[in-house]
Amino acid sequence: MLGIGLIFLYAPILSLVIYSFNESRLVTVWSGFSIKWYGELFRDQQMMDAAWVSIRVAVYTAFASVVLGTMAAMTLTRLRAFPGKTLFSAMITAPLVMPEVITGLSILLMFVTLADVFGIGQTRGVWSIWAAHVTFSMAFVTVVVSSRLSELDRSLEEAAMDLGANRIKVFFVITLPIIAPALVSGWLLAFTLSLDDLVIASFVSGPASTTLPMKVFSSVRLGVSPKVNALATLLILAATTAAVVGWWLMSRDEKKREREIQQALQQDD
């Protein structure tokens with residue numbers, strides 16, 4: 001059953017990658033090997049502009065989500081009970097279960113209200129998409145970082161403070177290196193969510209800020225082009241490469257930390 005499930009998930013993706021090298025304009029008829037559709041893709045200026053907008057927004061979203069998500073995770077896991085903590089936790093995690101249509105519509109209404117009352121955000125574009133993506137992406141980062149912080153041995157931080165380090169130095173010297181794998185995972189997750197979003201971006205984007213999913217969706221409605229297969233293949237390659245690099249970095253850091261712990265234990269003995 002596991003094998004059937006994996007085939008069901010990955011067979012269409014494999015078919016898409018194979019047919020991206022098809023010479024025929026028909027995406028379901030194989031007529032020979034060719035890479036001409038990759039050339040057609042890079043010559044499509046509208047597609048390239050949309051891809052550049054999506055990549056910029058995704059990078060900005062990932063960094064902002066990691067910073068805000070880490071702050072929210074520290075608040076939820078390190079601060080004692082304070083008035084409104086339950087409400088704060090609920091509001092942080094609400095985007096995880098909120099339908100994207102509701103999220104996009106609510107953010108659009110917020111932008112309209114800001115424009116009418118304060119004159120802010122009358123022209124929506126990349127910044128509005130970025131703000132909307134940060135709103136829901138930071139919730140995922142908060143969950144990832146919170147799980148890592150809850151497993152952190154607090155005695156390490158307490159020992160550092162006993163030796164004279166203040167809380168800021170403890171965070172950067174002790175806490176941050178330990179939760180670094182969670183930060184990398186959160187960054188990759190936020191980047192992927194932003195790059196993949198269609199519904200929310202459709203609500204908050206302006207006429208000059210079309211994202212890649214919006215461009216692909218509009219082109220697919222008129223018929224699937226082999227250029228879309230080529231684009232999807234490149235995105236799969238980029239996502240796979242990012243995942244492998246992230247896994248390798250986290251595995252290397254984890255092994256390095258284990259060696260340092262073993263060396264410390266041997267010195268103590």
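Predicted model: local features only at pLDDT ≥ 70, side-chain atom pairs only at ≥ 80, totals over all residues.
The largest pocket holds about 930 Å³ of space, the second largest pocket holds about 550 Å³, and the largest cavity has a volume of about 30 Å³. The whole structure also contains seven aromatic pairs, two of which are described here in detail.

**The largest pocket**

- Rolling a probe the size of a water molecule over the atoms shows where empty space is left.
- The largest pocket, with about 930 Å³ of space, has a lining of 30 residues, and those nearest its centre are L195, L212, L235, I236 and A239.
- Two or more lining residues come from each of helix 1 (2-19), helix 2 (36-43), helix 3 (45-78), helix 8 (167-196), helix 10 (212-220) and helix 11 (226-268).
- Among these elements, helix 11 contributes the most to the lining of the largest pocket, namely 10 residues.
- Sorted by class, the lining of the largest pocket is made of 28 nonpolar residues, one polar residue and one charged residue.

**The second largest pocket**

- The second largest pocket is lined by 20 residues, and L156, I174, I178, R257 and I261 are the ones that lie nearest its centre.
- Helix 7 (154-162), helix 8 and helix 11 each give at least two residues to the lining of the second largest pocket, and the largest share, eight residues, belongs to helix 11.
- The classes in this lining are 11 nonpolar and nine charged residues, with no polar ones, whereas the lining of the largest pocket has 28 nonpolar residues and one charged residue.

**The enclosed cavity**

- The structure holds one cavity of 30 Å³ or more, and the volume of the largest cavity is about 30 Å³.
- The residues that line the largest cavity are S54, V57, A58, H133, S194, L195, D197, A201 and T211, and L195 is also one of the residues nearest the centre of the largest pocket.
- At least two lining residues of the largest cavity come from helix 3 and at least two from helix 8, with helix 3 giving the most, three residues.
- The lining of the largest cavity comprises four nonpolar residues, four polar residues and one charged residue.

**Aromatic rings**

- A pair of aromatic rings is described by the distance of the centres and the angle of the planes.
- In the pair formed by F21 and F33, the ring centres are 5.4 Å apart and the planes meet at 10°, so this pair is stacked.
- Both F21 and F33 sit in the loop between helix 1 and helix 2, and they are 12 residues apart.
- F21 is partly exposed, with a relative accessible area of 24%, whereas F33 counts as exposed because its relative accessibility is 61%, and the cut-off for exposed is over 50%.
- F21 and F33 also belong, together with Y38, to one aromatic cluster.
- In the pair formed by F111 and W127, the ring centres are 5.2 Å apart and the planes stand at 65°, so this pair is edge-to-face.
- F111 belongs to helix 5 (residues 100-117) and W127 to helix 6 (residues 126-150), so the pair ties together parts that are 16 residues apart in sequence.
- F111 is buried at 2% relative accessibility, while W127 is partly exposed at 38%.

- Leaving aside residues up to four places away in sequence, S137 touches T61, S65, A190 and L193.

- An unreviewed UniProt entry gives the annotation "transmembrane region" to residues 7-33, 53-76, 88-115, 127-149, 170-190 and 230-250.
- In the model, residues 53-76 are 100% helix and 0% strand, and the end C-alpha atoms of this span lie 33 Å apart.
- Residues 170-190 are likewise 100% helix and 0% strand, with end C-alpha atoms 26 Å apart.

Technical notes
Residues numbered from 1 in each chain as written. Heavy atoms only, no water. 1 Å grid on protein atoms, 1.4 Å probe; cavity = no way out; pocket = protein on both sides within 12 Å on 5 of 7 lines; lining within 4 Å. Points joined across faces, edges and corners; volume = space filled by probe spheres on them. Helix = DSSP H or I, 4+ residues; strand = E, 2+ residues; numbered from the N terminus. Nonpolar A, V, L, I, M, F, W, Y, C, P; charged D, E, K, R; others polar. Phe/Tyr/Trp six-rings, centres within 6.5 Å; stacked < 30°, edge-to-face > 60°. Buried < 20%, exposed > 50% of the residue type's maximum accessible area, 1.4 Å probe, protein only. Contact = heavy atoms within 4.5 Å. UniProt positions renumbered as here; feature names shortened; annotations may be inferred.
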